[in-house]
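Reader: I would like a close look at one part of this structure, a single residue and the packing around it. Please take me through its surroundings step by step, and then through the other contacts that you can describe.

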Amino acid sequence: MDTNNHYDAIVIGAGPAGLTAGIYLSRAKIKTLILNEGTVGGQMVLTHEIANYPGVESISGYQLANIMKKQAKTFGCDIKSNVVISHLSLEGEIKSITLEDGKIFTSHSVILTPGGRSRTLGVPGESELKGKGISYCATCDGDFFTDKEIMVVGGGNSALEEAVSLTKYASKVTIVHQFDHFQAFEHAIEEAKSHPKINFMMESVITSFNGNDNLEGVEVKNLKSGEINHFKTDGVFVFIGYIPNTEFLKGKIELNKWGEIIVKPDMTTSIEGVYAAGDSIAKQFRQVTTAVGEGTIAALAASNFIDKLKSKHKLIPV
Amino acid sequence: MLYTNLKHIESAAEHAKILNENENVMVICGRMGPMCIPVYGIAEDLEDEYKHVKFCDMEFDNPESHVIRNLPEVRGFMGIPFTIYYKNGKVVKATSSIQNRQQVTSILDQYFAATVKA
């Protein structure tokens, strides 16, 4: 065991839950490392304005994330972002995490806060034509599609609300949805259905994107009839929900059928010494405030666990 | 306003000055949105590692960003950020929309490889 790379606690993920855990643990003089695969701040940094975080009247998610990061670092927390985890071993008293570059980090305790991400369709042409006709953000890219005919994929609140907002730019918006009904709130459905620029293609899925330098068209399969048709389109916006970033935990920890981590109220998981918090756990509400609360609980529980473990092994000099 | 820790380019004149004074420049032209922020974050992370590269951002909605938006290399781009890589003032690569760390570093390594003295 390389003592330089050994920590009391390793937090995986640097969204609000992970950063809060890092703040609490480091402030309690617990040697802590945060490993993060993406940008520090997680989904929080994508929020333009946070106006309901108690004690702060209005702040951008990016700024709040940077303050949390600074707090954690001030208390001595190490943060390594944009890393790729290639292997992790959570069983036993020494947990180990291996990065793609071969570095190995060990710890007594692990707090899992990997968060979630936007779901993609995963069909041919999607990655090649991203940014060249395929988008996942109406606010970002809507104005590139002024007076153009576009499609919106999805049937939830985001899809229908963004379809309506895209009518400010596009001449025609076709919503493609796999079911015969929408999952969105009734008011969102009504607004979309009554909009003169919006059309619907129900029980249908896009099976490929076509184009060379730019998106030129899509292949659509009707799930009811099995019929396949090709449509010309200038753009496609995809809003098909979020998925937890827990693929790397499959078979290592108890997940539910949606891939969310199952936790008890004290944020313990199915493995001793392993805790979880934030958007990747099974829960009803996903807010910065709930993530911060769960991160706190996970850190305090992990702190107790580490103290007991150290006492057991008399690792603390008396 | 871009709330990043990168060097902000505010005008076409400043853009020209930075290209003139730096051999390797990466400019991320975007907004504070979900496709752009991860790219700013990656650039911030890489600043220490790639000291021979000048990392900058520019607001997409700043009229002065015409120096990016009108480049022939971004014709057909329909997703922000527009990320431009300059070598000695010339565009060597341009990407559209979100990129991950591996995509960014492979471009940096390909076009801005640090000089290794024997």
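Author: The residue to begin with is Leu160(A), which sits in helix H5 of chain A, the helix that covers residues 157-166. The model is a predicted one, and what follows should be read with that in mind.

If its neighbours within four places in sequence are left aside, the residues in contact with Leu160(A) are Phe182(A), Ala184(A), Ala188(A), Ile189(A) and Ala192(A).

H5(A) packs with helix H6 of chain A, residues 186-193, at an angle of about 35°, and the axes of the two helices are 9 Å apart. The crossing that H5(A) makes with H6(A) is left-handed. On the side of H5(A), Leu160(A) takes part in this contact together with Asn157(A), Glu161(A), Ala163(A) and Val164(A), and H6(A) supplies Ala188(A), Ile189(A), Glu191(A) and Ala192(A). Sorted by class, the residues of this contact are 6 nonpolar, 1 polar and 2 charged.

Another helix pair in chain A can be described in the same terms. Helix H1 of chain A, residues 16-27, packs with helix H7 of chain A, residues 288-312, at an angle of about 40°, with the axes 7 Å apart. The angle therefore makes H1(A) oblique to H7(A), and H1(A) passes H7(A) in a right-handed crossing. Among the residues that make this contact are Pro16(A), Ala17(A), Tyr24(A) and Leu25(A) of H1(A), and, from H7(A), residues including Val288(A), Val292(A), Glu294(A) and Leu300(A). The contact of H1(A) with H7(A) comprises 12 nonpolar residues, 5 polar ones and 1 charged one.

Finally, there is the contact between chains, where 24 residues of chain A are in contact with 19 residues of chain B. On the side of chain B that touches chain A, helix H2 of chain B, residues 37-46, gives the most, with 5 residues. That side of chain B is made up, by class, of 10 nonpolar, 6 polar and 3 charged residues.

Methods. Residues numbered from 1 in each chain as written. Chains lettered and ligands numbered in written order. Predicted model: local features only at pLDDT ≥ 70, side-chain atom pairs only at ≥ 80, totals over all residues. Axes fitted to C-alpha atoms, helices over the stretch in contact; angles between N-to-C directions. Helix = DSSP H or I, 4+ residues; strand = E, 2+ residues; numbered from the N terminus. Parallel < 35°, antiparallel > 145°, perpendicular 65-115°, else oblique. Left-handed = near helix turned anticlockwise from the far one by under 90°. Contact = placed C-beta atoms within 7 Å. Nonpolar A, V, L, I, M, F, W, Y, C, P; charged D, E, K, R; others polar.
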